[in-house]
Structures are given as structure tokens and as C-alpha cells.
Amino acid sequence: MGKYLLRRLLNYAILLFVAVTLTYFLAATQLNPRGLFEVRNPPLDPASIEATLLQYNLSDRVPVHERWWTWFTGVLQGDWGYTVDGGHVNDEIKRRMWVSLRLVTVGSILGIVLGVALGAWTATRQYRASDRAATVGSLLILATPVLVIATVLTILATKFNQASGIRLFEFTGETGERGTYPLAALVDRGQHLLLPTIALTLIGIASYSRIQRNLMLDTLGADYVRTARAKGLRKQKAVMKHALRTALIPTGTYFAFSVATLFTGATITEQIFTFHGMGIYGVQSIQQQNVHGTVAVTAFAGVCTLTGAVLADVMVAILDPRVRLS
Amino acid sequence: MSIDVTGDRKVRRTQSGTVLSVADLHVTFPSEAGPVRAVRGLSFDLAAGETMAIVGESGSGKSVTSLAVMGLHPDTAKITGSIKLHGEELLGRGDAAMSNLRGNELAMVFQDPLSALTPVYTIGDQITETIQIHRDVSRSAAMKRAVELLDLVGIPSPQLRVKSFPHEFSGGMRQRAMIALAIANDPDVIIADEPTTALDVTIQAQVLEVLKKAQRETGAAVILITHDLGVVAGVADRVTVMYAGRPVEQGAVDEIFYTPRMPYTIGLLGSVPRLDADVKEPLATLQGNPPSVVELPAGCPFAPRCPMVQDNCRVIEPPLYPTENPEHTAACHYWADIAAENRSYRDIFPLPDIPTSQLERIPRDQRRTVLQLEGMQRHYPLMKGAIFRRRVGTVYAVDGIDLEIKEGETLGLVGESGCGKSTTILEVLQLKPPTAGNIVVFGKDVRGINGGRERKSLRRDIQVVFQDPMASLDPRMPVFDIIAEPLGVHNVAKAEVERRVVELLELVGLEPSHASRFPQQFSGGQRQRIGIARALALEPKLIVLDEPVSALDVSIQAGVINLLDELKAKLGLSYLFVAHDLAVVQHIADRVAVMYLGNIVEIGEVSEVFRHPTHPYTQALLSAIPIPDPRKERSRERILLKGDLPSPANPPSGCKFRTRCQRFATLTEGERQPCLETMPDLYVVGQDHNSACHYNEERQVV
Amino acid sequence: MSDQLANIPIESGIGSDVDELSSDDAERPGGAKSTGKRLTRRRLILRRFLRNKLAVAGVGVWIFLILLAVVGPMVSPWAFNDVDRRAYLKPPSEQHWFGTTQSGRDVLALTMQGLRKSLLIGLLVALISTTVAALVGSFAAYFGGWTERVSLWVVDLLLVIPSFFLIAILVTAGPQGGSSWLLLVLLLAAFSWVLSARVVRSLTLSVKEREYVLAARFMGLAAPKVIIRHILPNISSLLIIDATLGIGGAVLAETTLAFFGFGVQPPDTSLGTLIAEGQRLATTFPWIFLAPASVLVVMVLSVNAIGDGLRDALDPNSSSGGKAT
């Protein structure tokens with residue numbers, strides 16, 4: 001088993017290496033940090049531009065494989081490189097991953113819990129009014145870009161604040177002005193989190209309820225649910241104990257998978273509510289021709305995905321005895 | 001062992017002894033095409049300790065009946081009539097009231113034991129759950145009882161096995177566990193819905209024994225739902241025959257089998273190939289198919305298929321008339337005519353004339369060899385893992401077999417699932433060199449085939465008919481295209497294709513005008529005929545038949561078997577016929593090879609092997625086959641094999657059969673040595689009869 | 001972009017072999033087994049589909065949207081690049097039904113133009129990605145061995161790389177101008193086939209063992225022909241559903257990219273770019289935002305409803321309607 005796990009990790013390492021290397025070559029050849037200097041006014045001395053670029057291993061005059069090697073040896077020592085203005089990528093990532101985590105955790109967990117509950121419930125009521133309402137609601141949310149959901153929520157929240165006269169919803173950043181009463185700092189953070197959390201929860205509910213409903217529909221018709229009823233379990237209990245338990249295996253797996261990806265954030269939500277998280281860092285890096293930042297974010301996301309995959313496997317083994325033993 | 005845990009023995013027997021009483025039961029479902037009248041007017045009384053079999057083909061309403069009694073029918077079903085348990089009406093009770101009865105007084109054993117157990121709970125948890133729903137006992141007491149129950153149904157080391165998950169059990173063990181679950185609360189009625197259909201015959205024999213034992217222990221009344229008349233003959237006291245949702249004949253088992261009075265029952269009995277048949281004669285064929293229960297014609301539902309049909313049969317649906325014996329009822333207007341002459345199927349149903357092949361007159365050793373396997377082996381690596389698959393062992397699927405098929409000959413290949421018979425035919429069909437040994441087709445060594453072209457031209461001569469007539473025809477193609485496809489592959493001219501397809505359809509007894517229909521529009525038997533037509537398209541010399549009739553209903557099966565017999569004689573074909581049903585093999589084959597764990601254990605001329613079996617496995621296999629004859633069944637002594645087939649990845653040393661061998665068990669320590677050490681060769685035990693046992697000994701088992 | 005991850009069907013991700021779709025035969029003839037009045041498969045599917053009101057409404061809406069995108073610009077008094085100097089940032093009026101933008105353009109005309117491009121992007125991406133998924137998935141499963149391992153590895157690789165960033169880099173550095181949206185289509189398609197390919201593979205694995213496929217093989221039919229003639233048609237229900245849902249997915253992905261300026265580049269416009277532009281002024285001048293946003297939601301909603309209806313109609317296991325035993 002240990003050997004098997006090791007091979008698996010090795011495969012992941014190779015996948016990651018190839019993925020990150022490809023991204024590096026892409027970013028290093030397609031992004032143009034030199035351009036940032038060339039548009040400066042007054043113009044800078046070309047020699048000093050070149051010196052700065054060389055200093056940060058960003059000069060396009062150095063062959064790309066040489067730059068890659070310099071960068072890669074740095075990465076092996078834990079150094080992900082610098083931006084043209086000397087910012088250290090490591091620091092950014094270290095700070096931002098926690099911002100992302102704070103942003104999405106509550107919303108993701110609420111989304112999955114409520115979504116699974118809604119999905120399981122509607123599956124037992126297939127084609128009744130409540131199921132149809134939930135279906136239409138979920139489809140509507142899933143058809144709406146996050147951007148639109150967040151914007152609509154913002155409009156509604158503004159209206160609410162105006163109408164009620166209290167600033168319940170905060171719109172920008174993680175923290176703002178706060179009172180002096182005890183726990184004020186926490187309440188303040190909560191207020192800032194309210195809108196993004198609602199947005200993420202809604203999306204989570206919509207997608208998980210669809211998934212869980214379909215899974216439940218598969219297990220509801222299963223022979224073993226009929227057996228459970230033949231034993232004398234009432235319908236509701238047979239469904240909860242036998243159908244839901246089995247249908248939770250894939251959801252649990254997916255949940256495990258998504259735990260690791262919480263760190264990578266929710267780019268659009270970050271942008272709209274001005275959270276300086278990972279997702280938006282990736283976008284800004286590209287917009288600002290920040291080669292090392294872009295590659296680091298990609299690598300970070302890749303690590304999260306692969307960690308998620310491992311966690312998902314572990315979760316399957318925990319939840320599904322059929323996998324556990326073989 | 002007592003079945004009673006808590007001592008609150010239920011007061012249950014009514015005065016008359018009747019436990020369950022069903023009267024004029026009707027069940028109707030809505031469907032896309034209109035209301036499905038699944039059950040129409042079923043009545044019966046069932047006494048404690050009694051076994052009643054409900055026999056019928058698919059769609060006859062037998063399973064719907066069982067679900068209606070349990071109250072587990074879909075909510076959309078409309079049920080009328082009466083179902084009384086101990087005199088109390090069950091219809092119209094709510095889920096709560098029915099739940100108190102289910103698993104307590106009414107228990108059920110389902111067909112497919114794999115899907116009927118929840119995969120994520122242990123067997124023990126599932127049994128204790130049943131107990132704790134109805135009894136106020138501690139978990140440890142319930143668990144103790146679960147162990148007792150598993151022991152009762154014959155699960156080895158029950159203390160350990162109680163912690164196993166369903167997927168760790170073999171099919172037979174799962175069905176035993178299902179029975180343990182059913183009898184956990186000492187029920188009054190056990191409904192077993194095709195409890196052995198998904199199992200091999202040797203396992204079926206074991207499970208039927210367990211079911212009988214469970215009935216003895218609980219004193220319950222048993223409703224056995226099945227399509228297998230052999231099982232009925234061995235187990236049932238009384239029989240209800242259902243056709244198109246109607247009970248068409250009811251009575252004691254002997255009367256149904258020896259003096260049937262309804263032409264459908266008579267035809268059904270005549271269409272089953274029997275292991276105890278002395279001379280080969282064509283099987284009774286019931287023309288046509290069972291009617292749709294959505295749009296039933298007026299009159300007797302069997303009228304369109306009945307050779308005795310009269311005008312009034314098409315107008316008035318016959319009720320169940322009492323016959324000579326008032327307890328024996330039959331739904332035929334003309335039962336008295338049948339009774340007067342005591343007509344059998346030979347008198348009622350037309351028996352086709354099956355010509356004999358020209359080739360049969362030539363002595364066997366002068367005929368050409370069509371297929372020869374020489375020490376053929378096929379081993380598969382046993383792999384695990386998703387990305388980096390690693391080899392963890394070897395599956396010895398086929399481990400060195402020799403076979404020979406001559407022109408115009410049928411070789412039956414029999415054995416339990418997992419014995420390697422499917423692998424054998426796949427190897428033959430692939431026309432590629434096996435792991436070891438050799439395959440010679442029409443004198444051509446497959447090791448010498450170079451390139452696809454040569455292989456493709458060999459394929460013309462060797463074709464295949466598969467088991468499942470639905471799965472073997474591409475549902476997206478009309479029948480014409482399906483039959484024409486092999487012709488297209490081998491570049492037959494367009495005009496010729498047209499002519500040939502029509503010819504083939506006629507040959508297999510189908511309307512050429514139906515060529516533009518899709519497979520879904522045909523019944524199972526017709527689809528199998530399409531499959532046969534496709535196999536015949538290129539005029540092959542050898543046809544590999546992979547369980548060609550096992551997915552078909554009994555009344556349909558006979559027609560296909562007769563067709564195969566006829567084609568063989570007409571076209572001089574050779575068949576490699578793979579089947580698990582030994583009665584079918586006996587009917588159709590000239591020679592038979594019995595396989596066990598990748599080896600042939602007995603081979604020879606079919607009547608020789610079946611009448612004088614010398615290998616203990618062949619004997620056990622034959623003795624496990626039920627015969628549709630209640631008196632014979634009662635007097636037969638069954639050889640029950642221990643346990644399940646070992647894994648082909650880890651076969652026992654020496655003789656592979658020794659772990660389950662009934663003869664090995666009687667040997668002394670010294671006598672056992674050869675069995676433990678060496679795999680026996682195929683010893684000659686008669687003319688064209690070889691058997692691979694160190695202690696070959698003939699025993700009559702049929 | 002993780003916001004969008006939630007839309008992806010459950011897959012435990014990389015390397016694990018969980019086959020999600022129950023590969024249960026989609027070919028059983030519905031509920032009407034062995035009935036006298038046999039319904040053909042096509043009629044049965046149609047009947048089941050028509051029962052799903054939402055899906056039927058979806059079809060209606062789609063027809064309307066396509067007409068709007070194709071015929072709309074011809075009959076509209078304003079072209080999308082016309083500038084009305086008398087109306088800057090005007091709310092909906094008789095002249096401009098959906099109002100105007102800050103540069104005096106007609107929002108309705110812009111929306112129709114954007115819809116046109118978004119529809120085109122959605123359809124093309126779905127078509128390409130489903131085709132690629134079908135071919136890669138089925139060939140990998142059918143041939144097994146190295147073909148399969150290499151394909152699965154590529155699939156895993158594409159799942160590890162966050163596609164959003166790669167598309168963003170390439171769009172930023174790629175050619176600008178009139179045909180740049182074609183590059184976007186290719187990029188979106190290049191990353192959206194992977195999950196479907198896995199599902200196709202697992203379905204093919206089960207279909208390939210079906211007896212009619214074996215029968216075709218044993219009659220000597222060449223492998224690519226077996227796949228095209230017998231395997232792909234029999235998983236076509238999945239492919240149809242996949243393509244349908246893919247349209248919505250592609251349009252939403254384009255919107256996300258557009259929001260950060262990585263979508264369709266000017267002078268072209270799409271619903272995504274319009275929404276992104278409108279979003280900045282959404283709280284004060286909501287009409288610029290709401291018109292394209294509603295059209296987009298309606299479009300994706302209706303195509304998803306169609307996909308859902310198709311799934312119900314094509315999958316005999318779903319219990320839409322009566323059942324025969």
C-alpha cells in the first residue's frame with residue numbers, strides 16, 4: 001500500500017512539474033514585463049531597465065530555458081521569484097491564501113450542507129411542487145454568472161442599507177471602521193463577509209442540491225431500499241438510512257476534493273468585494289505582466305487540486321467499504 | 001436452536017390454518033402506452049408450513065403479486081380485491097401499519113442478492129436492524145442472534161462473517177444472508193421472488209435447501225415465485241400458473257405436473273428440455289408471444305397461441321373451472337375434452353419435423369475437424385490500481401484444455417460461472433494465439449496467421465450468437481442493416497446482400513417485410529432469431545453459441561432450440577454450444593465437456609457422460625439440476641457441494657476440485673495424497689468418455 | 001474561477017477512477033416493454049420530453065433568442081455601433097427601449113449584437129469540445145493500453161493547470177482584432193472537453209463489452225468503424241446532453257473572462273463584455289447591466305432546461321411518467 005501511495009504521489013509530482021513548467025514557458029514568453037518600463041514617462045535608461053530585468057530574472061534577452069533554470073533552482077529552495085518592482089511572490093501568496101480561505105470557508109460549508117439537505121429532500125419529492133420550485137431556483141442560479149449574482153446582491157444590499165438606515169452590509173474589503181464594544185472586530189469582519197458568503201452559499205446550494213438530488217434518485221430506486229422497507233422500516237427512515245447514506249459517498253468525495261481548493265479562492269467574488277485573495281492575485285499578475293506571480297498562482301492551484309484529489313481518495317476509502325478493502 | 005428470542009411467541013394461527021388469504025386481487029399501473037393490468041383476479045389461500053409456487057413467464061404478473069402482498073408496490077399502482085393476513089385485511093393500511101408487519105410477519109427474499117443488500121453496512125448490521133425494528137432488544141443480543149441466524153443458513157464462521165460487507169460475500173452467501181434476514185423475526189409468510197435465478201445450479205441447490213430449512217424452523221407459509229418448473233417440482237406443495245396477469249391453473253403440484261388441464265400449462269411442460277429424457281424428440285413449441293397486458297384482446301389471453309382454440313375462446317375469457325378434482329382449477333373452456341383423453345403436449349401442440357444431417361451418417365473420425373484446441377491456456381494478469389496499474393497475481397482463466405469439434409457436430413461446454421467457458425469461446429473467436437497451447441481452426445493454426453486480412457477471411461467461417469438478444473443487436477440499426485453488416489464487411493455485392501437478407505429472414509422464421517424494423521420492436525425470441533440470421537449471413541461452418549437460450553422465456557426457448565437443431569441439419573453446421581443449463585445441452589449436443597476452474601474434468605459423448613458420469617463434479621452438477629417431475633424430485637438424492645467456486649486467481653493445489661469434492665471427503669488420509677499433489681489427467685473411462693479424477697467411479701444421479 | 005468550479009459535475013478529480021454516470025443502458029425501450037402498440041423510441045423520447053414543461057419552454061425561448069440575434073440587428077433602427085449624440089446614459093425610452101450607454105449607444109442593439117457573438121461562441125465551443133471528448137474518450141477506452149494511459153494523463157494534466165489563467169495569458173498576448181474571438185473559442189474548447197472525455201470513456205468501457213460490439217468485432221469490422229458505427233451512436237444521448245450543457249458553460253466562462261478583460265476584444269462585443277462594462281455602473285445606471293445580464297441568464301437557463309429535459313427523456317431510469325413493470 002505504501003509503495004502504491006508513493007507511486008501515486010510521484011505521478012502527481014510529475015504532473016505538477018509538467019504543468020508548472022508549461023505555464024512558466026507560456027508566461028515567460030507571452031507576458032512582457034519590459035513593456036511596463038517602456039511606457040514610463042519620462043523614459044528610463046534602457047541599460048538600467050535591462051539591469052532591473054536581469055536582477056529579477058525577467059529579461060527576455062536571456063534564453064528562456066536559462067531563465068527557467070534560474071527560476072527552477074530558486075523554486076527548489078522555496079523561492080518563487082520577484083516582480084519587476086521587487087515584490088516577493090512568496091510573501092504575497094502567504095498572505096493572500098488566508099484571505100481567500102477566510103472569504104470562502106463559511107459560504108462553501110453552508111452551501112454544501114444546505115445543498116445536500118435540499119437535494120436529498122427534493123429527490124424524495126420528485127416532480128412535486130417543492131421539487132419543481134427547487135429545480136427552477138437552482139437552474140436559475142446556475143444559469144447566472146457569479147458576476148451577476150454578486151452585483152444583484154450588491155444592488156439589493158444597498159437598497160436594504162438605505163431603507164433600514166443601518167449599515168448592516170459592508171461592501172469592500174475584509175475590515176473597516178469598527179466600534180469599541182467587545183467583539184467589535186469580529187462583528188466587523190462578519191459584516192464584510194455577509195454578502196460574499198450569501199453569494200457563495202447560494203451557488204453552493206444550487207449546484208450541490210442538483211448533484212445530490214440526482215444521486216439520491218439513483219439510490220432511491222435501488223433494490224436495497226426496497227429490502228429495507230421489506231424489513232419493516234418506514235419509507236422515510238429507509239430513505240434516510242439506506243438511500244441517503246449510500247448517495248453521500250460521491251458528495252463526501254467531492255467535498256474532500258474541494259477543501260484543498262478553498263485556498264485558491266473565488267476570483268470574481270474577491271474582485272467585486274475587494275478581498276485581496278489568491279484568485280485576484282492571479283488576474284492582476286497577468287494584467288501587470290508579472291511572470292513569477294502568474295506561475296506561482298498556477299502552481300499553488302495545481303498543488304491544491306492534487307491535494308484535493310488525494311483527500312478525495314482518502315474520503316472514498318473512509319465512506320465506501322467496497323473501496324476500503326480492495 | 002430456537003427462533004424465538006424474546007419469548008413473545010405471536011398468537012397467529014387462525015382456526016382454519018390459513019395464514020394468508022388473497023381474493024380477487026387486481027393490480028393496475030399507469031404507463032406511457034396505457035394502463036398496465038398486471039394482475040387480474042388472483043385468489044389463493046395459504047396455510048402455515050405450506051409452499052405455494054407462482055409460475056409464469058416475464059410479464060405474467062407474478063412479481064407484482066408479491067410486491068402487492070408486501071405493500072411495496074409503487075404508489076401509482078391501483079389495487080383492488082382483498083389480501084388478508086390471519087383474517088385481517090391488509091389492503092388500505094398505511095405505511096406505518098404495514099411496516100409493523102413487514103419483516104415481522106411478512107418477509108421477503110429478493111432475486112438479486114447483490115443489489116438487495118445495502119453496500120455500506122455490514123451483514124450483521126443489516127440483520128440486527130431487522131431485529132431491532134420489531135423487537136426491543138439490546139444491540140449485543142441482536143448481534144448474537146444475527147450470528148445464530150447466519151449459522152442456521154450455513155455461513156461458515158458466522159462470528160467473523162457477521163462483520164463482513166455484502167460485496168465480500170459470494171452470490172450464494174448473499175442469498176443465504178438474505179434468507180437469514182427474512183427469518184430473523186420468525187415470520188408467518190415468506191415470499192421468495194425468483195430466489196435462485198441469479199445463481200449457479202450447484203448454489204441454487206444449496207439455497208433451496210436453506211430455504212426449506214428456514215421454513216421448517218419458522219413454520220412459515222412460503223410463496224415461491226419462479227419461472228423454473230424444475231424448482232417448482234422439487235419445492236412446492238401447490239402451484240398457481242399465471243399467464244398475462246391471470247391465474248390460469250391452480251392445484252396440487254402433482255396434479256399440475258401429471259394431469260394439467262390448461263393448454264398453456266401443458267405446452268409449458270412440454271417445451272422444457274428434460275435431463276431425464278430418454279430419446280431426443282423435438283420440443284413443444286408455443287407459437288407467438290405472450291400478449292401485452294396493456295391491450296388485452298377479448299376472450300382467453302392464450303387463445304392466439306392455442307392449437308385447440310375455438311371461436312368462443314376469442315370472445316369469452318374462461319374462469320377457473322373446477323376440474324375432476326374441485327381443488328384443481330383450470331381456466332380453459334375445454335378442460336373436459338383434455339381430461340377425457342388425458343391429452344399431453346404431443347396431442348395438442350404440433351411437433352416440428354427435424355431432419356437429420358447428412359453428415360451424421362459418416363462416422364465421426366472420417367469427418368473433417370472444424371476446431372481443435374490443444375492444451376490451450378489463457379492467463380490474465382490480475383491488476384490493481386488506477387494510474388499505475390500493478391500486477392498482483394495471475395488469473396488462470398483457462399488452464400490447458402483440449403477440445404475437438406468435427407463437421408456437423410455440436411459440442412456442449414458446461415460449467416458454473418467462472419469456470420472458464422466464456423474465456424474459451426472468446427479465445428476461439430479472437431483468432432489470436434492463446435497464452436500457451438494452440439487453436440486450430442479448419443486446419444489453420446492461429447499462431448501462423450499473419451495480419452488482419454487472413455484473420456478476417458477466417459472469420460467468415462466462424463460466427464457467434466450471444467446470450468442476451470437485446471444486448472447483441474445494436475438498438476440503433478434496423479434489422480436489415482444488422483443482418484447485412486457482416487456481408488458489407490466482407491464486401492458482398494449490394495444486390496446480393498438484398499437477396500441474402502430476405503433469404504436469411506425466411507430461414508430463421510421471420511417475416512422479410514419486417515426488415516426495416518428496429519430490434520426493440522421484436523420479442524426476445526425473435527431477436528435471438530435475428531442474431532442467428534446475422535451469424536448465418538456469411539455461411540459459416542462453425543457457430544459459437546454463448547448461452548443462446550438462457551435469457552429467453554421457457555415457451556420461447558423451445559422454438560429457438562428447435563430452430564438451431566433444424567439449421568444444423570439443413571446447413572451442415574457445427575456448434576460450440578456454451579450453456580449452464582445441462583438439460584438444454586443434453587437436448588442439443590452430441591458431445592459435452594464439463595469445465596471446472598479452467599480445466600475440463602469430464603468429456604465425451606453426451607448420453608454417455610450424463611447417464612454414466614464418473615467425475616464427482618459432473619455428478620454433483622447433474623444432481624443439482626431440478627427435473628420438472630415432482631415424484632422423481634422427491635425420490636432424488638441431491639449431492640450438495642460445499643461452498644463456492646474458488647478464485648481462478650488462487651486455485652487449490654493438486655486436483656482443483658478437491659476443496660469441494662464429496663468423494664475427497666470420504667477418502668482416507670493416504671488416499672487423499674494424489675488429490676492434494678497432482679492434477680489428474682483425463683483417464684479413459686468408456687468409449688469416447690474421459691474423466692479427470694484419481695478415483696473415477698460411476699454414479700447414477702438423474 | 002473557482003466560483004465556476006461549482007458547476008462542474010462531481011468528479012473526484014485527478015487520477016481516481018470513479019465512474020460517475022451509471023452506465024445503465026440508455027437503449028431499453030422506455031417503459032413500454034412488449035406492448036402491442038409499440039411506441040418507437042423516438043416518439044417515446046419526444047413524449048417524455050414534451051412532458052417537461054420547463055424544457056419545452058426552453059426550446060421556445062431559444063428559438064426566440066436565435067431570431068433576436070439573427071433577425072434583430074436587421075430590423076433594429078439602431079446599429080450596435082451607432083452613437084446617438086442626443087442620448088448619453090439615458091434610461092429606457094421610446095427611442096431606446098433598453099436605454100443608452102455612456103457613449104450614447106443603444107443598449108438593445110448592443111445586447112442583440114452581444115447575444116449573437118455569445119450564441120456563436122457557446123455553440124462552437126460546445127460542438128468542438130463534445131466532438132473532441134467523444135473521440136478521445138471512446139478511442140482511449142476502446143483501445144486501452146497506452147492510448148488510454150496517455151489520454152488519461154493528458155486529461156489529468158489539463159485538470160491540474162487552472163485553465164482560466166492559461167486562457168487569460170494567451171488572450172492577453174494573442175492577436176487582437178476582428179477574428180480574435182475565434183482564438184477564444186479554441187481556447188475555451190481546448191479546456192472544456194476533459195471532464196466529458198472521462199465520462200465518455202467510462203461509458204465506452206461498458207458499451208464496448210456489449211454483445212453487439214463484440215459481434216461487430218468478430219465479424220471483422222475495423223476498430224474505428226466499430227467506434228463510429230456502434231459505440232458513438234449508442235452513447236449519443238450523453239453527447240447530446242453534454243453538448244447542450246456545454247453551451248451554457250462556455251457562455252458563462254466567456255463572461256467570467258470578459259469581466260477581467262480577457263474575453264471578446266473590442267470592436268467585437270459579447271454579452272460578457274457588455275455585462276462587465278455595465279457592472280461598473282450597475283448601482284446607478286442599472287439598465288446597461290440588466291439588459292445583457294437578463295438575456296444571458298435567460299439564454300443559459302433555457303439551454304440548461306433543454307439539457308435537463310433531454311436527460312430525463314433519454315434516460316429511461318428517470319421516472320418522468322408512468323412505468324410498466
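1. Overall scores. Please keep in mind that this is a predicted model. It comes with an ipTM of 0.84 and a pTM of 0.82.

2. Confidence along chain C. The mean pLDDT of chain C is 78, and 83% of its residues reach at least 70. Which elements of chain C mark the lowest and the highest mean pLDDT? The lowest belongs to α1(C), at 36, and the highest to helix α5 (residues 107-143) of chain C, at 91.

3. Stretches to treat separately. Residues 1-38 of chain C keep a pLDDT under 50, and the model gives them 117 contacts beyond four places in sequence. Another stretch of chain C, residues 317-325, also stays under 50. For residues 317-325 of chain C the model has 31 contacts beyond four places in sequence.

4. Where chains C and A touch. Chain C puts 50 residues into this contact and chain A puts in 57. On the side of chain C, the elements giving two or more residues are α1 (2-5), α6 (145-160), α7 (163-173), α12 (236-259), α13 (271-279) and α14 (286-314). The largest share, nine residues, is from α14(C). Sorted by class, the side of chain C that touches chain A holds 32 nonpolar, 15 polar and three charged residues. When you look at α1(C) in this list, recall that its mean pLDDT is 36.

5. The annotated domain in chain B. An unreviewed UniProt entry places "domain: ABC transporter" at residues 20-269 and 382-622 of chain B. Over residues 20-269 of chain B, the model is 39% helix and 26% strand, and the end C-alpha atoms are 28 Å apart.

6. An open sheet in chain B. Four strands make up this sheet, in the order β2-β1-β4-β5 (chain B), and their pairing is antiparallel. At the edges are β2 (36-47) and β5 (88-89) of chain B, each of which pairs on one side only. Seven bridges link strand β1 (residues 18-29) of chain B with strand β4 (residues 78-85) of chain B in the antiparallel sense.

7. A covered strand in chain B. Is strand β6 (residues 106-109) of chain B buried on one side or on both faces? Both faces are covered: B:Leu106 and B:Met108 are buried on one side, B:Ala107 and B:Val109 on the other. Strand β6(B) runs parallel to strand β7 (residues 189-193) of chain B, and four bridges join them. Here B:Val109 faces B:Ala192 across the pair, standing opposite it in β7(B).

Definitions and conventions: Residues numbered from 1 in each chain as written. Chains lettered and ligands numbered in written order. Predicted model: local features only at pLDDT ≥ 70, side-chain atom pairs only at ≥ 80, totals over all residues. UniProt positions renumbered as here; feature names shortened; annotations may be inferred. Contact = placed C-beta atoms within 7 Å. Nonpolar A, V, L, I, M, F, W, Y, C, P; charged D, E, K, R; others polar. Pairing = 2+ DSSP bridges. pLDDT = per-residue confidence, 0-100. Buried ≥ 20, exposed ≤ 12 C-beta atoms within 10 Å, placed from the backbone.
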